[in-house]
Amino acid sequence: DGEIVSSQKIRDRIQQGDFATASRLLGKPYQLKLEKERISKNTIHASDLVLPPTGMWRALLNGKKTTLKVTPTGSLEFPEILDSTTYFVEDLHHQCL
């Protein structure tokens with residue numbers, strides 16, 4: 001459609017929680033791939049990654065429904081213990097409490 005796509009535009013959409021636009025600009029669904037060195041029990045340390053806004057989110061974690069909390073310090077907290085070496089977080093939807 002002639003729209004100029006930039007990495008900054010995609011980051012801005014993700015940080016605003018606009019995954020539909022981010023996915024359209026990426027040409028594929030938005031997904032976080034997280035490796036073992038970031039994982040501690042039920043927390044993934046991701047302060048160096050582009051994350052959605054702080055709050056509670058519904059998501060798929062390796063294909064299973066879950067909730068996650070994005071913290072102000074850039075961590076993702078899950079209700080379950082994380083014991084795999086790689087996680088894919090996708091299909092995020094803001095959860096109003």
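Figure 1. Helices here are DSSP runs (H or I) of at least four residues and strands (E) are runs of at least two, numbered from the N terminus. This is a predicted model, so local features need pLDDT of at least 70, side-chain atom pairs count only at pLDDT 80 or more, and totals for chains, interfaces and linings use all residues. Residues are numbered from 1 along each chain as its sequence is written, and side-chain values use heavy atoms, with hydrogens and water left out. Along its principal axes, the C-alpha trace spans about 45 × 30 × 25 Å.

**Figure 2. Here is the chain's surface and what lies under it.** Of the 97 residues, 35% count as buried; buried means under 20% relative accessible area, exposed means over 50%, and partly exposed is in between (1.4 Å probe, protein chains only). The accessible surface comes to about 6,000 Å², and 51% of it belongs to carbon and sulfur atoms. Areas come from the Shrake-Rupley method with a 1.4 Å probe, and for residues only the protein chains shown count as cover. Among contacts (heavy atoms within 4.5 Å) between residues at least 6 apart in sequence, 57% join residues at least 24 apart.

**Figure 3. Glu3 pairs up with Lys9 and with Arg24.** Both pairs are salt bridges, meaning a side-chain nitrogen of Lys or Arg within 4 Å of a carboxyl oxygen of Asp or Glu. In the Lys9 pair, the closest N and O atoms are 3.5 Å apart. Lys9 is partly exposed at 29% relative accessible area, and Glu3 is partly exposed too, at 32%. The Arg24 pair meets at 2.8 Å, N to O. Arg24 sits in helix H2 (residues 19-26) and Glu3 in the segment before helix H1 (7-15), so this pair ties together parts that are 21 residues apart in sequence. Arg24 is partly exposed, with a relative accessible area of 47%. Shared partners join Glu3, Lys9 and Arg24 into one network of salt bridges.

**Figure 4. Glu35 meets Lys33 in another salt bridge.** The N to O distance in this pair is 3.6 Å. Glu35 is partly exposed, at 27% relative accessible area. Searching the whole structure turns up four salt bridges.

**Figure 5. Helix H2 has several buried residues.** Phe19, Thr21, Ala22, Ser23 and Leu25 are the buried ones. What covers them includes H1, strand E4 (55-61) and strand E7 (86-94). Just after H2, look for Gly27, which takes a positive phi of about 85 degrees.

**Figure 6. Leu76 is buried in strand E6.** Strand E6 covers residues 75-77, and Leu76 has a relative accessible area of 1%. Leaving out residues up to four places away in sequence, Leu76 touches Leu32, Leu34, Asn42, Thr43, Ile44, Leu51, Leu68, Lys69 and Val70. Ser47 is 29 residues from Leu76 in sequence, and their C-alpha atoms are 9.2 Å apart in space.
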